[in-house]
Amino acid sequence: MLRMRELFRACAPFLLLALLIVPQAAGAAELTIYFEKNQFPKNDAGNFTTIFPETVRELIKRTGTDAEIIEIPWQRGYDLGQTQANAAILPTTRTPKREKLFRWLGPVNRLQWIFYQKRGRGLTLHSLEDAKRVPAIGTYAKDAREQFLKDRGFRNLQSTNHQLLNVRKLMEGRIDLMVGGNLGIESIMNLAGYDMDRIEPVLTFKEVDLYIAFSPYTDNALFQRWQKAFESMKRDGTFQAMYRRDYPGLEPPLAPLPQDGPAN
């Protein structure tokens with residue numbers, strides 16, 4: 001018995017560290033899926049719409065996964081998506097710096113990164129260097145766009161924990177530009193109480209792919225099931241049909257864009 005106590009005392013710090021690094025899932029579900037809060041519109045029945053939620057629902061059906069979907073602020077979900085067992089966060093931009101932080105399923109969507117201004121503000125940008133001379137640009141904490149701009153030497157960024165705050169700050173004249181994307185910006189504007197005609201794009205500075213990002217602590221068999229199911233959706237045309245219904249005139253991202261380069 002004494003020997004067992006000594007062994008437990010010796011192992012206790014390592015057991016505690018393991019629990020801190022890989023916390024258990026939020027509930028009893030096989031997979032916890034974190035949706036970025038206020039990112040997806042809902043229909044009259046209260047179901048999330050557009051390509052990401054629709055793809056997730058189809059994958060749950062095809063894989064028979066007992067999944068729990070939780071709407072959560074991006075920064076919290078981003079942290080949980082890296083540390084929680086059997087968890088996923090979406091939508092997530094795949095970048096070289098993030099490559100080893102997650103296991104990637106997709107691409108599910110393609111997005112343009114855009115600087116927006118309040119209509120009539122009168123700013124003209126031709127390059128990222130022009131944007132560096134703007135007094136204040138609103139960004140979203142831990143967002144890939146914010147990381148991208150910081151890596152390129154931007155020192156005029158004002159970070160917030162919610163994109164709705166950036167809309168309000170832009171409308172109130174507290175920032176000069178807001179970083180957003182061509183997909184989903186209308187929903188954010190409407191949630192903030194404004195119509196899309198109150199803002200206008202100034203410069204599109206990058207195009208990126210969006211993925212479902214799985215925790216590195218996700219069970220391998222579970223992840224493989226989801227990968228195979230997503231490939232089957234593309235083979236039988238289900239994914240393409242859903243995408244074209246949601247985004248008429250746009251082609252679905254069946255192959256990833258080239259990465260910028262190795263992770264820093």
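Mentor: Contact means heavy atoms within 4.5 Å. Among contacts in the protein between residues at least 6 apart in sequence, 74% join residues at least 24 apart. This is a predicted model, in which local features need pLDDT of at least 70, side-chain atom pairs count only at pLDDT 80 or more, and totals for chains, interfaces and linings use all residues. Residues are numbered from 1 along each chain as its sequence is written, and side-chain values use heavy atoms, with hydrogens and water left out.

Trainee: What share of the 264 residues count as buried?

Mentor: Buried means under 20% relative accessible area, with a 1.4 Å probe and protein chains only. Of the 264 residues, 48% fall in that class.

Trainee: How many helices and strands are there in the protein?

Mentor: Helices (H or I, at least four residues) and strands (E, at least two) are DSSP runs, numbered from the N terminus. The protein has 9 helices and 8 strands.

Trainee: Why is helix H2 described as largely enclosed by the rest of the structure?

Mentor: An α-helix has 3.6 residues a turn, so residues three or four places apart point the same way. H2 is largely enclosed because 10 of its 13 residues are buried. Among them are Ile51, Phe52, Thr55, Leu59 and Thr63. Just after H2, Gly64 takes a positive phi of about 65°.

Trainee: How does the lining of the largest pocket divide into nonpolar, polar and charged residues?

Mentor: Ala, Val, Leu, Ile, Met, Phe, Trp, Tyr, Cys and Pro count as nonpolar, Asp, Glu, Lys and Arg as charged, and the others, Gly among them, as polar. The lining has 14 nonpolar, 11 polar and 5 charged residues.

Conventions
Buried means under 20% relative accessible area, exposed over 50%, partly exposed in between (1.4 Å probe, protein chains only).
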